[in-house]
Amino acid sequence: MARHLKTAKGAAERAEADQKVRATVERILGDIEARGDEAVRALSEQFDNWSPASFRLSEAEIEAAVASLPKRVLDDIRFAQTQVRGFAEKQKAALVDIEVETLPGVFLGHRNIPVNAVGCYVPGGKYPMVASAHMSVLTAKVAGVKRVVAAAPPYRGGAHPAIVAAMHFAGADEILVLGGVQAIGAMALGTASIAPVDMLVGPGNAFVAEAKRQLYGRVGIDLFAGPTETLVIADDSVDGEICATDLLGQAEHGPTSPAILITNSEKLARDTMAEIETLLGKLPTADLAGAAWRDYGEVILCDDEAEMVAEADRIASEHVQVMTRDPDYFLNNMTNYGALFLGPRTNVAFGDKVIGTNHTLPTKKAARFTGGLWVGKFMKTCTYQRVETDAASALVGEYCSRLSMLEGFVGHAEQANIRVRRYGGRNVGYGEAAE
């Protein structure tokens, strides 16, 4: 039976913090809805000390941001976007429109239609999350979204050039230097200067995530996002140093980011915990990663691979790094995860930054019922139907008439009956079931 060599202890504190976040976000969104641009500007001044003449960058400002970057940075952004675009295009190719003749003269089909307008949030306050522009803006444009609005907070008193370049290369139609709930609210609700969007995507802090949650229904969203999660599944084919590195590499996202090791080797478990303490002594982001490990880190010792799968599916982690002798066993048997990273030669950072799969993934056990952001999230699969012959209309009409009357829906039945009369030449009494 699985046993914990280290347990997490920070859940209660997180629940209390979540309540405060909800109340704050509700107040801010109400202010934006009531006062529009005036509220957005006041909030930007309050939270970011940022109040430019326009939050929207001009073409000249975008060109200047791109020109300020070294060629190596631009080449690296383009390389990453080539990988993301290529995979997204392959995914889109798998989404095919269909039409089938289910009965003689009856045709049913569906079309995959892109959302018209999407707002993409790219975090950039503490760390400039350049890769998030690839994952959201570029993927939306591959899907065929006509209008993509990209927003990122100011960074050290202005637009972050690398984020602007990534948004621009990805195809953003509008770029806003605007952060936090005010950016989310402005894009979703609309103001005099910012037209509303139909869908919001992209990661962010607890306030951004809560704003998306409260706005869901008024607009679509990608996911209900929480703190970054990482799960390492390993056996004694690897060592404690690589496990510790991969755990801390994601724990540095923030002090509430769960980092969990599942293993069937007690020696590896204890070596990993020792290596974590060693690495925390030299990791520049140790203040964040150390707090995450202290309060949300876990080490779970299992008897065998089957128990490791069961524990992993129970946890349903956002990122799952598998470093075992047979990683395909987990690929073939696991069902709850945001993304799998198979073998020691890959890792979560590859997925986060450059390899081509999307890094916006389900957290808080949402992997039990959804996958992550991908080109299909930006598309609506919409059905249609066409009845081409009199005989088909009358035939389907007879069944529809009787089933509608069974449920007591006379108006529905009459929609069927009028077609039985006109196209089938049958005398069906008003409000009666077709025989």
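In which sense do β2 and β3 pair, and over how many bridges? The pairing of β2 and β3 is antiparallel and extends over five bridges.

The model shown is predicted: local features require pLDDT of at least 70, side-chain atom pairs count only at pLDDT 80 or more, and totals for chains, interfaces and linings use all residues. Residues are numbered from 1 along each chain as its sequence is written, and side-chain values use heavy atoms, with hydrogens and water left out.

**View 1. The open sheet of three strands.** The strands are arranged in the order β2-β3-β14 with antiparallel pairing. Strands (E, at least two residues) are DSSP runs numbered from the N terminus, and two of them pair if DSSP finds at least two bridges between them. β2 (98–103) and β14 (379–387) are the edge strands, each pairing on one side only. From one strand to the next, the twist averages 20°, with axes being lines fitted to C-alpha atoms and angles running from 0 to 180 degrees between N-to-C directions.

**View 2. The hairpin of β2 and β3.** Two residues lie between the strands of this hairpin. Within the turn, G105 adopts a positive phi of about 90°. V100 has L108 in β3 as its bridge partner.

**View 3. The pairing of β3 with β14.** Strand β3 (residues 106–114) is joined to β14 by nine bridges, and the two run antiparallel. F107 has R386 in β14 as its bridge partner, while P114 stands opposite M379 in β14.

Notes. Helices (H or I, at least four residues) and strands (E, at least two) are DSSP runs, numbered from the N terminus.
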